Amino acid sequence: MSSSMAFPPLILLLILLSPSPSLSSDPDPLQDFCIADLQSTSSTNGFPCKAGPNVTSEDFFFSGLARGGNTNNTFGSSVVQGNVLSFPGLNTLGLSMNRVDIAPGGINPPHLHPRATESGVVVRGKLLVGMITTGNVFYSKNLTEGEMFVIPRGLVHFQMNVGNESALILTAFNSHLPGAVVIPFNLFGSSPSVPDEVLTKAFQVDKSVVDGIKSNFGG
């Protein structure tokens with residue numbers, strides 16, 4: 001084969017092996033830090049940086065995860081987010097954390113994170129942690145204090161308290177703003193509402209069932 005015939009496949013191979021933003025987490029920072037200026041409009045890769053003279057020690061510390069949220073709600077759970085919106089020092093650094101408190105019998109309902117992989121450790125309690133792959137395979141395990149789990153980016157997952165005491169999880173993400181698509185709220189509590197005929201056909205139930213579920217989520 002001549003060199004002219006081999007050249008295009010070589011270029012294609014180099015393109016395929018080159019790093020692609022669509023396959024990576026948040027882009028690497030180009031400076032020591034970039035404390036988010038939350039008063040400015042977010043750009044593609046984060047918020048603009050706060051001016052250097054305005055940066056203080058407090059910008060690098062966050063106490064929000066020290067206190068649990070209120071679990072007296074429909075799901076019996078609470079998520080306290082430690083992302084760039086609550087901790088501006090994370091801006092452009094490609095990581096964040098959440099605190100998840102779940103009452104006995106409560107659940108952190110099925111959801112997904114479109115921009116990050118999640119890893120977590122059980123600090124207290126006993127939890128059923130499960131996820132569903134794009135091939136509709138369900139993986140799950142009961143976890144107790146000190147055990148970890150990982151959820152690949154974009155997969156639907158949940159945590160349910162199957163113990164007799166309140167449970168606590170600390171989770172970490174490879175994005176400063178991983179996002180969360182909470183399935184029940186997205187389908188039954190969106191604004192404007194998803195048409196009833198879409199949901200009745202998708203779940204193969206009567207309209208009365210859909211309306212009943214929507215009423216629980218303000219849809």
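In which strand is Asp101 found? Asp101 is found in strand β2 (residues 96–102). Strands here are DSSP runs (E, at least two residues), numbered from the N terminus. The model is predicted: local features need pLDDT of at least 70, side-chain atom pairs count only at pLDDT 80 or more, and totals for chains, interfaces and linings use all residues. Residues are numbered from 1 along each chain as its sequence is written, and side-chain values use heavy atoms, with hydrogens and water left out.

Asp101 counts as buried because its relative accessibility is 8%; buried means under 20% relative accessible area (1.4 Å probe, protein chains only). The side chains of Asp101 and Arg99 form a polar contact of 2.8 Å. A polar contact is a pair of N or O atoms within 3.5 Å; within protein, one must be able to donate a hydrogen and the other to accept it, and residues adjacent in sequence count only if both atoms are side-chain atoms. Beyond four places in sequence, Asp101 is in contact (heavy atoms within 4.5 Å) with residues including Ser77, Arg124 and Leu168.

Ser77 lies in strand β1 (residues 77–82). Ser77 counts as buried, at 10% relative accessibility. Its side chain reaches the backbone oxygen of Ile107 at 2.8 Å. Among the contacts of Ser77 beyond four places in sequence are Asn70, Asp101 and Pro109.

Strand β4 (residues 118–124) pairs with two strands, a pairing requiring at least two DSSP bridges. Four bridges join β4 to the antiparallel strand β7 (residues 148–151). There, Ser119 stands opposite Val150. Six bridges join β4 to β9 (residues 167–173), also antiparallel. Val121 stands opposite Leu170 in β9.

Methods
Buried means under 20% relative accessible area, exposed over 50%, partly exposed in between (1.4 Å probe, protein chains only).
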